[in-house]
Each structure stands twice: as structure tokens, then as C-alpha cells.
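Open the model in your viewer and keep the selection panel at hand. We will go from one stop to the next.

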Amino acid sequence: MKKMEDYVRAIPDFPEPGIIFRDVTSVLQDPDGLKLAIDSMAGLLEGVDFDVIAGTESRGFMFGVPIAYQLGKGFVPVRKKGKLPCETVSAKYDLEYGSAEIEMHKDAVKPGQKVVLVDDLIATGGTLAASVGLIEQLGGEVVKIILLMELAGLKGRDKLGGYEVASVITYEGN
């Protein structure tokens with residue numbers, strides 16, 4: 001039986017020399033890989049009390065929605081600026097190669113709701129930290145952050161101090 005790592009394609013020198021890009025599309029394209037990813041991530045939530053799953057655009061959607069479905073929970077999208085039709089809250093954050101802004105509907109998370117945040121990967125942690133800020137601004141409580149992959153060398157967890165973070169795969173480098 002293949003391990004989760006066997007489904008992730010490593011692409012050297014992308015997007016620049018010295019970087020190993022961990023490609024999640026190879027996981028999504030393989031039925032066994034996709035099932036293993038969803039089941040493994042859902043397994044990280046065993047025993048966790050929560051109300052709703054939030055996922056970051058776009059790969060957080062790809063993993064968050066099936067996990068929410070499997071566990072009988074709702075799903076809240078965290079979108080890029082300008083993509084949501086109703087009143088929103090927003091947060092700006094830094095990326096490895098620039099900056100970005102994300103939004104959530106103001107009514108997406110109710111005060112007191114326990115939220116699990118899902119994404120495919122944590123690198124520097126900027127997107128996830130901004131997402132946590134939005135959830136808390138709306139009165140939600142982030143009870144766990146789950147990921148398929150973690151690039152531990154980029155120290156993204158440092159931006160998420162105080163939150164429980166779990167990943168299926170951890171790569172020691174960047």
C-alpha cells in the first residue's frame with residue numbers, strides 16, 4: 001500500500017532554483033491518493049469538538065469540503081479579495097513573493113462557533129494566520145488547523161503559536 005508521500009510529486013527548481021515544489025495535483029488526480037488524503041486529514045480530527053470547517057482558497061476548498069461532507073459539518077470559504085458577494089471582513093498578509101488579501105462573509109462564522117481551518121500546505125503561515133484572524137474577528141474559536149503537508153523549514157507554525165496544528169506529511173526542508 002502506498003503512503004501519502006508517494007502521491008505527492010516533487011518538482012525541483014520551481015518556482016525558482018533551489019526550491020522543491022510539492023505538487024498536490026498528483027494527489028487530486030489519483031483516486032486512491034485523493035481518498036487517502038481526505039481520510040488521513042479527517043483522521044486528524046478524531047475526538048475534536050467543532051461546529052464548522054473553514055478552508056482557504058483554493059486548495060483548502062478541495063480538501064475542506066469533502067472532509068466537511070464526510071464528518072457532517074458545514075463549510076465556510078475564505079476567499080481572495082473581491083470574490084464574495086455579501087458584506088465581508090478582510091485581512092492583508094505577506095506571501096513569500098509579495099502580499100495578498102483574503103475575505104470572509106461577515107455572517108460566515110457565528111460568535112462562539114468552534115472552527116477547524118483546513119488547507120493543503122503550510123509554508124510561511126501567512127495565509128493561515130490571516131484566516132485565523134478573520135475567524136476570531138467574527139467571534140469564532142479556531143480549535144484546530146489541519147493540513148496535508150507542512151514545509152517545516154519555513155517555520156509557518158511560528159505564526160500560529162497557541163493553535164493546535166497537525167499535518168499528514170511533514171517535509172523538514174523548504
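Which residues does Ile 53 touch, not counting residues up to four places away in sequence? Select Ile 53 and see: Leu 45, Gly 64, Ile 67, Ala 68, Gly 74, Phe 75, Val 76, Val 116 and Val 118. Keep in mind that this is a predicted model.

Now widen the selection. Ile 53 belongs to the largest nonpolar core, which has 25 residues. Ile 53 is among those with the most contacts inside this core, along with Val 27, Phe 63, Ile 67, Val 116, Val 118 and Leu 148. Next, colour the elements that give two or more residues to this core: α1 (4-7), α3 (31-43), α4 (59-71), β7 (114-122), β8 (141-151) and β9 (165-171). The largest share, five residues, comes from β8.

Go to α3 next. This helix has 13 residues and reaches 18 Å from its first C-alpha to its last, close to the 18 Å expected at 1.5 Å a residue. Pick out Gly 33, Ala 37, Ile 38, Met 41 and Ala 42, which are buried. Look down the axis of α3: the buried residues fall within an arc of 160°, so they line one face of the helix. They pack against α1, α2 (25-29), α4, β7, β8 and β9.

Turn to the face of α3 directed away from its buried side. Pro 31, Asp 32 and Lys 35 are exposed there.

Last stop: the N-terminal end of α3, which Asp 30 caps. A side-chain oxygen of Asp 30 lies 2.9 Å from the backbone nitrogen of Asp 32.

Technical notes
Residues numbered from 1 in each chain as written. Predicted model: local features only at pLDDT ≥ 70, side-chain atom pairs only at ≥ 80, totals over all residues. Heavy atoms only, no water. Core = buried A, V, L, I, M, F, W, Y, C linked by side-chain atoms within 4.5 Å. Buried < 20%, exposed > 50% of the residue type's maximum accessible area, 1.4 Å probe, protein only. Helix = DSSP H or I, 4+ residues; strand = E, 2+ residues; numbered from the N terminus. Contact = heavy atoms within 4.5 Å. Expected span 1.5 Å × (residues − 1). Arc of directions from axis to C-beta. Polar contact = N/O pair within 3.5 Å; in protein donor to acceptor, adjacent residues only side chain to side chain.
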